[in-house]
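Morning, everyone. Let me put the model up, and then I'll walk you through a few spots in it.

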Amino acid sequence: MTLEARIQKKYGDFRLDAAFTAGNGGPLALLGASGSGKSVTLRCLAGIDTPDRGRIVLNGRTLFDSERGINLPPQRRKIGYLFQQYALFPHMTVEQNIAVCLRRLEKSERRARTAELIAMLRLEGKETLLPRQLSGGQQQRTALARILAAEPDVILLDEPLTALDSYLKWQLETELRDVLERFGGPVIWVSHDLGEVCRGCRSVCVLNEGKSSPVRSFPELLADPVTVSAARISGCGNYAAASAGPEAGLVAAPEWGLVLRPAKPWREGITTLGIRADRVRPAAEGEENAFLCRVRRVVEDAASVTAVLEPVGAAKGAPPLRMEVRRENGKELPDQRQLWVKIHPEDLLLLEE
């Protein structure tokens, strides 16, 4: 089963222009910063908002087509939508919140299916509680049970873990992946958290200011994000303006006073050099792509040590270069004022705006 979407919609000065296909080969992540259009996209898919133009097709069934005048209402789309705040009925118990989506069944079947979903989502003993009496994780599982009770063809997840503390988030993330694997249909998982969707999804579509990028695998995104926005959302932390080097096969970063050799050839449209902080490595003078830096600051946190560097010869006001190592490898950052570092050619990201 596949969900194909081409959506265009204008909200004041904001324009959404998204296109992607989600299948049953694992959840598709919609990844982007706040205000990039992620939630708007889900609302259009679910039929809550109506696109200005486009087409939405679920397994050959047209849900929306602006040219043909087709716009199925939400209740006919068979799409399960998990909102950020779960949207449970506050006056209904856990059992009632689930059973309300099973009214198509006979009473005995409804009771049996409700019990089955309660067991599947590990809500035994919570049947008679109201949403306000539940923890965040229990509310999430109740909302998922209600979605599954409606037997949707697609599940949409809008920042499903954003309001949870780190320990509970990890636990529920694991449980959520288990539920989605059993579901088997198309799933779209909206988030701004790269690690979260990287663990839960197999492919990703990056949204930047309403514009979608092609769907890619996470290894492809990390290895070659192509654009500055995709690089930022994929965790890259170092950027400098780039230009073609003095000879073929080289790239210049004038702000840093560097000329380096990337693995990929220069192409038209490149504006920026990106370098992931954990790809900056200690080096010896004379190694490929090695250069001397002043150590401006060393910052430690629970898991890593970060050195804030300034390449010798950098222009005044040039962006800093961050080098990050795991805390147990902190000895790689000697207590000195200068440090030779290098970046392997394959770790130089040539980016477009």
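Let's begin with the cysteines. The sulfur of cysteine 236 has its closest cysteine sulfur in cysteine 198, 15 Å off, so that is too far for a bond. Cysteine 236 is also buried, at 6% relative accessibility; buried here means under 20% relative accessible area, exposed is over 50%, and partly exposed is in between, with a 1.4 Å probe and protein chains only.

Quick word on ground rules. This is a predicted model, where local features need pLDDT of at least 70 and side-chain atom pairs count only at pLDDT 80 or more, while totals for chains, interfaces and linings use all residues. Residues are numbered from 1 along each chain as its sequence is written, and side-chain values use heavy atoms, leaving out hydrogens and water.

Next, aspartate 65. You'll find it in strand β5, residues 61–65; helices (H or I, at least four residues) and strands (E, at least two) are DSSP runs, numbered from the N terminus. Aspartate 65 is buried, with 6% relative accessible area. Its side chain makes a 3.1 Å polar contact with the side chain of arginine 55. By polar contact I mean N or O atoms within 3.5 Å; within protein, one must be able to donate a hydrogen and the other to accept it, and residues adjacent in sequence count only if both atoms are side-chain atoms. Leaving out residues up to four places away in sequence, aspartate 65 touches Gly54, Arg55 and Ile70, where contact is heavy atoms within 4.5 Å.

Now the cores. The largest nonpolar core has 38 residues, and Ile98, Ile155, Leu157, Trp189 and Phe218 have the most contacts inside it. A core here is a set of buried Ala, Val, Leu, Ile, Met, Phe, Trp, Tyr and Cys residues joined through side-chain atoms within 4.5 Å. Helix α4, residues 136–149, gives this core its largest share, six residues. A second, separate core has 26 residues, including Leu16 and Ile79.

Last stop, a sheet. It's open, three strands, ordered β14-β15-β16 and paired antiparallel; pairing takes at least two DSSP bridges. β14 and β16 are at the edges with a single partner strand each, so one side of each has no neighbour in the sheet. Three bridges join β15 to β16, and valine 251 has leucine 260 as its bridge partner in β16.

Technical notes:
Disulfide = S-S within 2.5 Å.
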